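Visitor: I would like to learn how to read aromatic contacts in a model. Could you take me through them step by step?

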Amino acid sequence: MKIKEILESEGKGQKINAKGWVRTRRGSKHVSFIALNDGSSINSIQVVAEASDFDEELVKKITTGSCISVNGKLVASKGSGQAVEILASSIEVLGTSDSEEYPLQPKKHSLEFLREKAHLRFRTNTFSAVFRLRHALNFAVHKFFNDKGFYNLHTPIITGADAEGAGEIFQVTNLDLENLPKNEEGKIDFSADFFGSKTNLTVSGQLEAELGALALGQVYTFGPTFRAENSNTSRHLSEFWMIEPEVAFADLNENMDLAEEFLKYCIQYCIENNADDLQFLDARMEEEESKLRKEDRSEMGLLERLQFVIENNFERLTYREAIDVLRNSKPNKKNKFQYPINGFGDDLQSEHERYLVEKKYKKPVIITDYPKGIKAFYMRMNEDNETVRAMDILFPTIGEIIGGSQREERLEKLKARMEEMDICQKELWWYLETRKFGTCTHSGFGLGFERLIMFVTGMKNIRDVIPFPRTPQNAEF
Ligand code: ATP
Ligand code: MN
């Protein structure tokens, strides 16, 4: 039986078997209390083993980290702290664990230390809760879109297109790097490469998702994306998962409505289905924050914050309005921003995003209509010829969680933008053809899956919400 099920059962003396990993064993000469966890729940089951029933040598092998199978009776617990416990009749040690060497001692370890033990960190309460929530969110994403009639589209991981034109890409090749084929001009001859052209790992599935949307109506991708940006921040990974819906006939307002409904749905799903894990993480965050200076603490606890986001409309304002608010803000006037806001054209840094979300509006903020110069080529140009139909959703503590836009569906305007931004039209001939053959209004956005998990779990470093993080200088495990 899974421990989750056992904990929900009544202890009537029924015979059961449980398997799992030992968190702790304590007790006396006469009796041992074993906390056993199998990952099905944040809670462990207490196993009671009377010394008289067990060989001393066997009991010695039941150490923190060992794996055991227990047969026994499920009974109402005499102790406080748990409703039921297993009165063991036989125990088999499936895998011993040298207690001196086992890295996860029954005490608090730092997240940095546990990152180095990523192969074992699933066995801690914090990480088991985080990864159960990651699963729940993953499931919620598919359920949300399926219920709305979207089709999940698998876009390629290896591609010739660099969607953003940002150039932060990982190249894919099977050429011998020690002995590269050269053409007459002395440049690398990519026609000799595996795919006959230069290829890279995808930075976004959007361009391909648009092709799907312009036939299937509503699609979404959910796959890994790769960015070789050398930014060692707590919010960036080199390999992360992105959800990208794309909707035909939707304009920017409908796009924002979809994004807001989607985020709220995912959070609500976790509250309904993972209450134990969230309660644990709520208490964990409270404890962590109590160590911070008062002014650095969050105003709300984790659960309170999640509820707050579900219950409130996101604040929507244009980039111009945001710049006005920021220019006239106290920190800007007092020169407290590292990047002062002067006016139109300034890119919003995370300090500005945090000011708007955490100080000014105190809720998620959607900023629209950014200057064309700081956004991608495919966003729809506004009448003013200066701004595009972009939207970014900013979340408390996370900053940007979603980036999206209404797409430029007018062939001539799209071509003109590509020219201006030096994007190769020949390479994207297939993208341009959708504007030639039956083009229409359409919109979409990209949600960084790990940023959503950070928000829901209260984890402050993105490395702690993906099983095996890939970051500059690190691809272990
Ligand atoms: P940022 O300004 O935070 O670097 P971005 O503008 O590069 O984000 P987009 O290209 O719009 O982001 O990607 C869509 C979403 O993917 C972002 O809103 C964010 O949630 C997520 N994202 C972007 N880069 C990363 C990364 N390196 N690691 C994890 N998530 C990311
Ligand atoms: Mn980025």
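Guide: What follows is a walk through the aromatic rings of this predicted model.

Visitor: How many aromatic pairs does a search of the whole structure find?

Guide: The search finds 23 aromatic pairs. In one of them, the ring centres of Phe-145 and Phe-150 are 4.8 Å apart and the planes meet at 55°, so the pair is read as tilted, because stacked is kept for planes under 30 degrees apart and edge-to-face for those over 60.

Visitor: Which aromatic pair does Phe-145 form with Tyr-220, and where in the chain do the two residues lie?

Guide: Phe-145 and Tyr-220 form a stacked pair, with 4.6 Å from centre to centre and 25° between the planes. The pair links distant parts of the chain, since Phe-145 belongs to helix α4 (residues 125-147) and Tyr-220 to strand β10 (residues 218-226), 75 residues apart. Both Phe-145 and Tyr-220 are buried.

Visitor: Which residues form one aromatic cluster with Phe-145?

Guide: The cluster is formed by Phe-144, Phe-145, Phe-150, Tyr-220, Phe-262, Tyr-265 and Phe-445.

Visitor: Which charged residues lie over the face of a tyrosine ring?

Guide: Among them, Lys-375 lies over the face of Tyr-370, at 4.3 Å from the ring centre, and Arg-435 lies over the face of Tyr-431, at 4.3 Å from the ring centre.

Methods. Residues numbered from 1 in each chain as written. Chains lettered and ligands numbered in written order. Predicted model: local features only at pLDDT ≥ 70, side-chain atom pairs only at ≥ 80, totals over all residues. Heavy atoms only, no water. Phe/Tyr/Trp six-rings, centres within 6.5 Å; stacked < 30°, edge-to-face > 60°. Helix = DSSP H or I, 4+ residues; strand = E, 2+ residues; numbered from the N terminus. Buried < 20%, exposed > 50% of the residue type's maximum accessible area, 1.4 Å probe, protein only. Lys NZ or Arg CZ within 6 Å of the ring centre and 35° of its normal.
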